[in-house]
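Dear colleague,

I am handing over the structure below, and I would be glad if you could look through it with the notes that follow beside you.

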Amino acid sequence: MDHSRVPVLEALQEFRRRGDVAYGPPGHKQGRGVDPRVAEIIGLDVFRSDVLSLNGLDDRRQSQGMLNQAQELMADAVGAEQAFFSTCGSSLSVKTAMLAVAGPGEKLLLSRNAHKSVVAGVVVNGVEPIWVRPKFDRERHIAHPPEPDDVRHRLQEHPDAKGMLLITPSEWGTCADVRGVAQVCHEFGVPLILDEAWGAHLPFHPGLPPWGMDAEADLVVTSVHKMGGAIEQSSVFHLQYDRVSPEALKQREDLLGTTSASSLVYATLDGWRRQMVQHGHELLETALHRAERIRAAAGDLPGLRPMGQEVVEEGLAASFDPLKLVIDVRKLGISGMQAAEWLRAHQHVDVGGSDTCRISASITYADDDETEKLLMDALRALVDNADSIERQPPVHLPEPSVLELEQAMLPREAFFAEVDHVPAERAAGRIAAEMISPYPPGVPVIAPGEVITDEVLDYLRSGVEHGVLIPDAADPTIETLRVVARG
């Protein structure tokens, strides 16, 4: 296919050339009505590019022809049979993918280290989750993706499961044995869905972890805004084989997605695909060398411990994305959250993620010598000033087994049940009716339907005292919990 073509961008360029005046949404009419004070900050071109796809960039007779062309080019670029764009972010795309495989009341295997958006999908879709436990790394206190044998055991226990949703790469860059898990799923005749939100760049360089389509996954969801060059909320479904119906996927997406799709998302997805096909290998090669330099330099700083290929050598992950710079800061006597806050306040450097143990920074093709120097200067300043950072009460990190809570009710049933609000001191033994997800990283410690324990409460409450945010809890202070009412 001709990857110099960018159908959506070309349609936008032609829309501007014609000078069309739209008498429908958006109401700002390509920036004519925008408050100049807003345009001064955001830029007028953002509004000029905000055009309806139908009766704007395209017309009814063509029936979104330019979008279909752009999606076909994307599929060809990454080796998928079909690709579909979504403007609602991968949080909604993953819910759509789940619903395309398993309907209400049907079983779906899920990694328990899933982001809260996946657990929200379980509640919304009404599927019965069959949790596959991740591989816990006690020393680093990280959950790595589960292994093929873990999936095999759960499929043997639940042969009526409709498929598997696997999260890889993790937010910390560790990756599953996708091919191994896919082969297990296919042995049982079910599809493998990948939540590969952090992996949009993987198809474009052999030095990166295996790409889901190449590793025999059936349906892969990516967030191009995370490691790629499209704007926020840019998501793509990639599909191959015949285990997931394209018709079902499109209908589920239509059920959950927006009817006001953003041309900004479509256009930037289209342009990023062209850039990666034409220049991706070169750009990512430079980024990989840059990440290697930064990782080595950070490892030479006292108190910092970058994570790298050793997690693969230790058998904890099948592969590791070297563009994720994950640094343990515990030897500085502070938490990752404190490190992130200090870097932002004193160095104007915003890291990509943090938790009680570490910080992470994504190195992408967009980084250059200036951003490399800024990051290293900031890390050196953090090491030099760590002693001046006020110590906070420690988070009581539990043993991994403590986090394996009993599921006593289906998440949907618990979430919509009659509830009580009980003091934390009396919550142990009760069934949670809410998600409780410390941010960062946003993985629920308690999911609806799980039995609350004293150990998990101690972990959560010590986290709040340290400064952990729990925005999805009914009571973010964890003084009270929302539990299923007793009959």
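How are α1 and α11 oriented to each other: parallel, antiparallel, perpendicular or oblique? This is a predicted model, and in it helix α1 (residues 7–18) packs with helix α11 (residues 263–299) at an angle of about 125°, their axes lying 7 Å apart. Since angles over 145 degrees count as roughly antiparallel and those from 65 to 115 as roughly perpendicular, with the rest of this range taken as oblique, the two helices α1 and α11 are therefore oblique to each other. On the α1 side the contact is made by Pro7, Val8 and Leu9, while α11 brings Ser263, Tyr266, Ala267, Asp270, Gly271, Arg273 and Arg274. By class, the residues of this contact between α1 and α11 divide into 5 nonpolar, 2 polar and 3 charged.

Helix α8 (residues 178–187) is mostly covered, with 7 of its 10 residues buried. The buried residues of α8 are Val178, Gly180, Val181, Ala182, Val184, Cys185 and His186, and they pack against α7 (148–157), β6 (164–167) and β8 (192–195). After α8 comes glycine 189, which has a positive phi near 75°.

Next, the largest pocket, for which the computed volume is about 990 Å³. Among the 47 residues that line the largest pocket, those closest to its centre are Asn113, Glu171, Trp172, Pro441 and Val443. At least two lining residues of the largest pocket are supplied by each of α5 (89–101), β4 (135–137), β5 (142–144), α9 (224–227) and α16 (454–466), and it is α5 that gives the largest share, with 4 residues. When the lining of the largest pocket is sorted by class, there are 25 nonpolar, 13 polar and 9 charged residues.

Alanine 161 is placed in the loop between α7 and β6, and with a relative accessible area of 4% alanine 161 is buried. Leaving out residues up to four places away in sequence, alanine 161 touches Lys107, Leu109, Leu155 and Val190. With valine 190, alanine 161 has a C-alpha separation of 7.9 Å, although the two are 29 residues apart along the chain.

Valine 383 belongs to helix α14 (residues 369–385) and, at 16% relative accessibility, counts as buried because the cut-off for that class is under 20%. Apart from residues up to four places away in sequence, valine 383 touches Leu301, Pro302, Leu304 and Leu332. Glycine 303 is 80 residues from valine 383 in sequence, yet their C-alpha atoms are 7.0 Å apart in space.

Alanine 428 sits in the loop between β16 (419–423) and α16, and its 30% relative accessibility makes alanine 428 count as partly exposed. Setting aside neighbours within four places in sequence, alanine 428 is in contact with Ile452, Thr453, Asp454 and Leu457.

Another runs from threonine 168 to proline 169, with omega near -10°, and proline 169 lies in the loop between β6 and β7 (174–175).

The loop between α1 and α2 also holds lysine 29, which has a positive phi of about 55° although lysine 29 is not a glycine. With a relative accessible area of 26%, lysine 29 is partly exposed. Histidine 141, another residue other than glycine, likewise has a positive phi, near 55°, and its place is in the loop between β4 and β5.

With best regards

Notes. Residues are numbered from 1 along each chain as its sequence is written. This is a predicted model: local features need pLDDT of at least 70, side-chain atom pairs count only at pLDDT 80 or more; totals for chains, interfaces and linings use all residues. Side-chain values use heavy atoms; hydrogens and water are left out. Axes are lines fitted to C-alpha atoms, for helices over the stretch in contact, and angles run from 0 to 180 degrees between N-to-C directions. Angles under 35 degrees count as roughly parallel, over 145 as roughly antiparallel, 65 to 115 as roughly perpendicular and the rest as oblique. Contact means heavy atoms within 4.5 Å. Ala, Val, Leu, Ile, Met, Phe, Trp, Tyr, Cys and Pro count as nonpolar, Asp, Glu, Lys and Arg as charged, and the others, Gly among them, as polar. Buried means under 20% relative accessible area, exposed over 50%, partly exposed in between (1.4 Å probe, protein chains only). On a 1 Å grid over the protein atoms alone, a cavity is a set of points where a 1.4 Å probe fits but cannot get out, and a pocket is an open set with protein on both sides within 12 Å along at least five of seven lines; lining residues have an atom within 4 Å of a point. Grid points are joined across faces, edges and corners, and a volume is the space filled by probe spheres set on the points.
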